[in-house]
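Welcome to a short tour of one protein model. Please take a moment to look it over before reading on.

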Amino acid sequence: MAVKVLIIEDNPVARSFLCRVVRESFSDAMEIVEAGDLEGARRQVARLSAEGDDSGFKLILVDLELPDGNGMEFLAELAGTPSVKIVTTLYSDDDHLFPALQCGADGYLLKEDRFEVLVEELQRIVRGQPPLSPAIARRLLSHFRPGSTGDSGPMGLNSGFGSLSSSAGPTTGRGVALDPAPEWERLTPRENEVLTYLSKGFTIKEIANLMGIKWFTVNDHIKSIYKKLNVSSRAEAAVLASKQGLV
């Protein structure tokens with residue numbers, strides 16, 4: 001069954017761009033429905049409901065500024081639904097970001113980001129991570145970082161996107177270690193194959209096609225690889241794999 005996606009964007013060029021991003025991000029058969037305003041989006045949601053489609057839209061991308069209202073209204077209407085709701089906008093300020101998150105947005109992407117950045121961020125969905133444009137992630141960190149007290153040390157974050165704790169001891173300013181106790185020998189043959197493709201720069205969609213498996217299966221392998229190698233990004237995994245002679 002095709003995965004249903006709803007894209008709400010009044011600019012036809014931006015809407016076409018976002019369709020390309022979605023198709024590049026996932027290898028499943030896609031049924032992408034487009035709407036140029038809130039009324040059209042509501043009609044599409046009502047149509048699926050009237051057809052008895054309990055699964056509804058798996059993914060919804062919504063712009064904030066629309067001809068007949070604000071996308072936050074639609075986010076609030078969808079509160080409690082299983083759809084993954086991602087804001088796609090040009091606004092990176094607090095006045096748009098935090099109200100959108102409070103209305104139920106599961107992620108926040110800037111349309112001005114490069115194509116490949118948006119693809120990589122959107123793919124975070126299947127790893128259970130919030131898709132956030134780099135500038136938005138930095139803004140969230142800045143918002144929860146102490147400023148006026150002069151304390152520049154780490155602090156807990158209760159933003160709903162996980163937590164950072166100072167309990168790990170003093171920092172050296174050099175980031176996380178890339179050489180934990182090696183566990184790479186525990187990788188399965190499939191995981192080694194995925195890691196090889198990752199290290200060569202293939203996208204998740206390309207890996208899925210090369211291996212003849214679904215994109216969500218590739219992401220399951222990636223999650224397992226990250227956990228076993230104690231890394232959190234493609235770059236870290238590639239570096240460690242190269243140093244350990246895996247690729």
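Which side chain meets Glu-116 in a salt bridge? The partner is Arg-114, with 2.9 Å from N to O. Please keep in mind that this is a predicted model.

**Salt bridges**

| Salt bridge | N to O distance |
|---|---|
| Arg-114 and Glu-116 | 2.9 Å |
| Arg-43 and Glu-39 | 3.3 Å |
| Lys-111 and Asp-63 | 3.5 Å |

Let us begin with the pair from the opening question. Arg-114 has a relative accessibility of 54% and counts as exposed, because the cut-off for exposed is over 50%. Glu-116, at 45%, counts as partly exposed.

The next pair sits within one helix. Arg-43 and Glu-39 are four residues apart in helix α2, which spans residues 38-50, so about one helical turn separates them. Here, too, the two partners fall into separate classes: Arg-43 is exposed at 51% relative accessibility, while Glu-39 is partly exposed at 47%.

The last row of the table brings us to another setting. Lys-111 and Asp-63 form a salt bridge with 3.5 Å between the closest N and O atoms. Lys-111 lies in the loop between β7 (107-110) and α5 (115-122), and Asp-63 in the loop between β3 (59-62) and β4 (65-66), so this pair ties together parts that are 48 residues apart in sequence. Both residues are buried.

**A look at Asp-63**

Asp-63 deserves a visit of its own. Where is Asp-63 found? This residue is in the loop between β3 and β4. With a relative accessible area of 5%, Asp-63 counts as buried, because that class takes in values under 20%.

Several partners surround this residue. Setting aside neighbours within four places in sequence, Asp-63 is in contact with Ile-8, Glu-9, Asp-10, Gly-71, Thr-88, Thr-89 and Lys-111. Two of these contacts, Glu-9 and Lys-111, also join Asp-63 in a network of salt bridges. The UniProt record, an unreviewed entry, places the feature "modified residue: 4-aspartylphosphate" at Asp-63.

**The second largest pocket**

Now for some empty space. Rolling a probe the size of a water molecule over the atoms shows where such space is left. How much space lies in the second largest pocket? The volume is about 330 Å³.

The lining of this pocket is made up of 21 residues, and those nearest its centre are Glu-116, Glu-120, Glu-121, Gln-123 and Arg-234. Which helix gives the most to the lining of the second largest pocket? That is α5, with six residues. Both α5 and α9 (215-229) supply at least two residues each. Sorted by class, the lining holds eight nonpolar, six polar and seven charged residues.

**One more stop**

Our last stop is Ser-199, found in helix α7, which covers residues 189-199. Ser-199 counts as partly exposed, with a relative accessibility of 27%. How far apart are the C-alpha atoms of Ser-199 and Val-239? They are separated by 8.0 Å, although the two residues are 40 residues apart along the chain.

How values were computed
Residues are numbered from 1 along each chain as its sequence is written. This is a predicted model: local features need pLDDT of at least 70, side-chain atom pairs count only at pLDDT 80 or more; totals for chains, interfaces and linings use all residues. Side-chain values use heavy atoms; hydrogens and water are left out. A salt bridge is a side-chain nitrogen of Lys or Arg within 4 Å of a carboxyl oxygen of Asp or Glu. Buried means under 20% relative accessible area, exposed over 50%, partly exposed in between (1.4 Å probe, protein chains only). UniProt positions are given in the numbering used here, feature names are shortened, and annotations may be inferred rather than shown by experiment. Contact means heavy atoms within 4.5 Å. On a 1 Å grid over the protein atoms alone, a cavity is a set of points where a 1.4 Å probe fits but cannot get out, and a pocket is an open set with protein on both sides within 12 Å along at least five of seven lines; lining residues have an atom within 4 Å of a point. Grid points are joined across faces, edges and corners, and a volume is the space filled by probe spheres set on the points. Ala, Val, Leu, Ile, Met, Phe, Trp, Tyr, Cys and Pro count as nonpolar, Asp, Glu, Lys and Arg as charged, and the others, Gly among them, as polar.
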